[in-house]
Amino acid sequence: MAQPRVFEIVTAASLLSMMLCSGIVKGATYTVGDDKGWSFNVESWTNGKKFLPGDVLIFNYDPTIHNVVSVDQVSYDTCTVGSNFQVFESGHDEVTLPNTRGWSYFIGNKTLGDCNNKMKIQVSTF
Ligand SMILES: *[C@@H]1O[C@H](CO)[C@@H](O)[C@H](O)[C@H]1NC(C)=O
């Protein structure tokens, strides 16, 4: 009697892993800052959230005055953009977190003072 149930579980598990490997199952999607979007003091928006590799962050903002720059930890801490960075500037950017566990850092730097006004987030996928 137990046999069919085990078969079902194994089938479901292998289907799920196939879907995960082929990328059919997408990560969770988060709107950074919720209703406020990518804005000053957004830094604390990450508090209590558990992100996973492959999750998608959506950054909503006015692209005439703001942007999103993916940076390293030093840049994040000092609000200066170093040599290794990627700029997003559409105003509605969908950024997929790396498939490996680790930290990701984003700051705004289009208008002087954006980052210092806490238009910045650090995201852990550990
Ligand atoms: C933002 O960073 C880029 C790349 O380093 C730099 O060219 C630009 O001047 C910076 N913008 C501001 C407002 O600091």
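How many helices and strands make up the secondary structure of the protein?

## Overall fold

The protein has 2 helices and 7 strands, where helices (H or I, at least four residues) and strands (E, at least two) are DSSP runs numbered from the N terminus. Read from the N terminus, the order of elements is α-β-β-β-α-β-β-β-β. Of its 126 residues, 33% are buried, that is, under 20% relative accessible area with a 1.4 Å probe and protein chains only.

This is a predicted model, in which local features need pLDDT of at least 70 and side-chain atom pairs pLDDT 80 or more, while totals for chains, interfaces and linings use all residues. Residues are numbered from 1 along each chain as its sequence is written, and side-chain values use heavy atoms, leaving out hydrogens and water.

## Around the ligand

Let's turn to the ligand. Around it are Val81, Phe85, Asn109 and Lys110, each with a heavy atom within 4 Å of it. A polar side-chain atom of Asn109 lies 2.3 Å from a ligand oxygen atom. On its own the ligand has 360 Å² of accessible area (Shrake-Rupley method, 1.4 Å probe), and the protein covers 47% of the 360 Å².

## The second largest pocket

A pocket here is an open set of points on a 1 Å grid over the protein atoms alone, where a 1.4 Å probe fits, with protein on both sides within 12 Å along at least five of seven lines; lining residues have an atom within 4 Å of a point. The second largest pocket is lined by 14 residues, with Ser70, Gln86, Pro98, Ser104 and Phe106 nearest its centre. β6 gives the most to this lining, with 4 residues.

Notes
A polar contact is a pair of N or O atoms within 3.5 Å; within protein, one must be able to donate a hydrogen and the other to accept it, and residues adjacent in sequence count only if both atoms are side-chain atoms. Buried means under 20% relative accessible area, exposed over 50%, partly exposed in between (1.4 Å probe, protein chains only).
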